[in-house]
Amino acid sequence: MRGPRSLGVVIKLGTSSIVDEKTHEPLLSTLTLIVETAVKLRKDGHKVIIVSSGAIGVGLQRMDVERRPKHISKLQALAAIGQCRLMSLWDSLFNHLRQPIAQILLTRSDISDRSRYLNAQNTIHELLDMGVIPIVNENDTLAVSEIKFGDNDTLSAITAAMVHADLLFLMTDVDCLYDKNPRTNPDAQPIEVVEDIGALVADGKWPLFAAPSRCLRTSFLTCASYFPVSQAGSSLGTGGMSTKIVAARLATSAGVTTVITRSSNPGNIHKIVKHIQGSHSPASLTTQVNHPSTAALASLNNGSGSGTSTPAAAAATPSIEQAPAVIDRSQIPLHTRFLPSPSPVRDRYFWILHGLRPHGTLYIDQGAYKALLGKAGLLPVGVVDVEGFFAQQEAVRLCVVDKRRSTPGPDGKMWEGEAVEVGRCLTNYASAEIARIKGHQSVEIGQLLGYADSEYVAQRESVSFYNTVSRPASPVGGHRA
């Protein structure tokens with residue numbers, strides 16, 4: 001019998017896990033345990049990536065600044081000061097165990113540019129093949145939007161999806177998810193596995209299930225679930241529990257099992273990995289490529305005509321070999337594991353969905369949507385309306401409407417009912433051009449525009465769908481073209 005296979009493991013650490021929130025001194029005891037855990041995983045044959053925040057926090061300590069400043073330029077300067085000291089700290093700790101590391105700094109522009117995205121992917125794969133542990137961070141010195149709005153939870157999810165990792169650990173200040181509010185219910189029980197993260201939302205105080213969902217402790221059951229924390233992050237960081245839920249949803253959609261556990265006990269990571277590999281439960285880390293829904297989505301997003309998964313898809317979605325083990329559940333560290341989607345979206349289709357910022361919205365009718373599901377491209381006759389201002393080959397939201405109107409209604413819309421966002425696409429024409437050719441036949445494009453670069457508004461290979469299509473369209477701040 002073959003033993004457990006090698007896994008790709010991404011560990012995300014927030015600033016509060018790296019430096020003290022008040023003194024800004026490095027938490028050497030926690031960092032040392034992280035280093036020991038990462039090296040143990042490496043010795044077990046796993047490939048490890050660390051996504052590390054903390055540059056600004058370390059910069060605060062170096063410059064004797066008590067509070068995190070509000071001005072962007074000062075934050076960028078502190079990030080520049082702290083990043084080199086942070087990497088020096090990581091290198092010093094790993095050097096004691098003779099483990100080489102590498103620094104990778106990314107920005108949103110690196111993710112949105114397809115060539116740089118692939119270069120980053122290739123570099124990380126090469127480092128992992130060399131036995132190096134890459135340490136990834138947002139380039140806070142340049143990334144203005146990250147310092148103001150972003151978080152490394154999302155970066156860790158994108159990194160995990162980029163390298164086809166098996167596990168993403170989001171280290172936080174809580175142990176796990178509970179079936180009741182543990183602060184008011186002493187009998188609250190921890191939940192080990194969440195099967196459907198799509199039902200999870202966050203309100204002002206408690207992230208919880210808006211509707212009953214299937215969860216697992218020792219078996220599947222129906223429950224409402226709670227995290228005993230608020231949404232806000234620490235005074236040093238930019239994240240919170242809500243950003244971790246978003247990151248978990250992002251990672252699981254790409255086929256990455258996501259784990260939330262307490263950062264003060266980093267040694268639990270190794271135990272959890274062992275538990276997942278040795279588990280015989282249906283919630284063990286396994287994604288079957290021959291599952292009907294998996295094959296259907298693979299066919300849907302790769303544009304192939306058959307409904308069966310390809311050898312490439314099978315190679316990209318291997319199942320974890322299960323080693324026989326007697327599970328002592330009392331020895332399993334508290335954690336919550338979000339199961340990956342049975343129909344993961346990967347590579348170019350993941351990049352279109354999550355690597356690019358949408359610049360507008362295309363509203364299409366039901367006929368166009370059915371044609372896209374049937375592997376056809378998006379023709380102008382199926383476009384009902386366009387919002388926003390965008391150029392050729394820019395990403396836009398793709399929304400399906402119930403019924404087309406011949407003239408704008410009282411609300412100014414060209415459709416009736418609610419628009420549902422089903423995916424994203426890259427357009428062959430700019431917003432102003434699409435506004436002129438929408439609703440027309442492809443043979444009329446040349447007459448309307450004076451040229452015809454393509455008969456399609458979007459090629460089928462430039463259209464990517466979400467795993468579920470029940471989400472409402474995101475609000476668009478722009479105007480109709």
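**Strand pairing and burial**

Colleague: How many bridges join strand β15 to strand β17, which run parallel?

Modeller: This is a predicted model, in which local features need pLDDT of at least 70 and side-chain atom pairs count only at pLDDT 80 or more, while totals for chains, interfaces and linings use all residues. Residues are numbered from 1 along each chain as its sequence is written, and side-chain values use heavy atoms, with hydrogens and water left out. Helices (H or I, at least four residues) and strands (E, at least two) are DSSP runs numbered from the N terminus, and two strands pair if DSSP finds at least two bridges between them. Between β15 (residues 360–364) and β17 (residues 395–400), the number of bridges is four.

Colleague: Which residue of β17 is the bridge partner of Tyr363?

Modeller: The two strands concerned, β15 and β17, run parallel. In β17, the bridge partner of Tyr363 is Cys399.

Colleague: In what order do the five strands of the open sheet lie, and which of them stand at the edges?

Modeller: The pairing in this open sheet is mixed, and the order is β16-β15-β17-β20-β21. Two strands have a single partner each, so one side of each is left without a neighbour in the sheet; these edge strands are β16 (383–388) and β21 (463–465).

Colleague: By what angle are neighbouring strands of this sheet turned against each other on average, and what angle does helix α13 make with β20?

Modeller: Axes are lines fitted to C-alpha atoms, for helices over the stretch in contact (heavy atoms within 4.5 Å), and angles run from 0 to 180 degrees between N-to-C directions. For neighbouring strands, direction ignored, the average is 25°. Helix α13 (residues 347–355) packs on the sheet, touching β20 (420–426) and β21, and its direction makes with that of β20 an angle of about 115°.

Colleague: Which residue is the bridge partner of Gly423 in β21?

Modeller: β20 is joined to β17 by six bridges, antiparallel, with Val396 opposite Cys425. On the side of β21, three bridges join the two strands, again antiparallel. There, the partner of Gly423 is Phe465.

Colleague: Why is strand β4 described as largely enclosed, and which residue in it pairs with Val51?

Modeller: Six of the six residues of β4 (residues 133–138) are buried, so the strand is largely enclosed by the rest of the structure. Both faces are covered: Ile133, Ile135 and Asn137 on one side, and Pro134, Val136 and Glu138 on the other. β3 joins β4 in parallel through six bridges, with Gln103 opposite Ile135. Strand β2 (residues 47–52) also runs parallel to β4, through two bridges, and the partner of Val51 is Val136.

Colleague: Which elements are included in what covers the buried residues of helix α3?

Modeller: Six of the eight residues of α3 (residues 55–62) are buried, so this helix is largely enclosed by the rest of the structure. The buried residues are Ala55, Ile56, Gly57, Val58, Gly59 and Leu60. Their cover includes α1 (15–18), α4 and β4.

Colleague: What span should helix α4 have, and on which residue is its kink centred?

Modeller: The expected span is 1.5 Å times one less than the number of residues. For the 24 residues of α4 (residues 72–95) this gives 34 Å, which agrees with end C-alpha atoms 34 Å apart. The bend at a residue is the angle between axes fitted to the seven residues ending there and the seven starting there. The kink in α4 is about 25°, centred on Gly82.

Colleague: Is Arg98 buried or exposed, and what is the relative accessible area of His164?

Modeller: Arg98, in the loop between α4 and β3 (101–106), has a positive phi near 55°. At 75% relative accessibility, Arg98 counts as exposed. His164 lies in the loop between α8 (152–162) and β5 (167–172) and has a positive phi of about 55°. His164 is partly exposed, with a relative accessible area of 29%.

Conventions:
Buried < 20%, exposed > 50% of the residue type's maximum accessible area, 1.4 Å probe, protein only.
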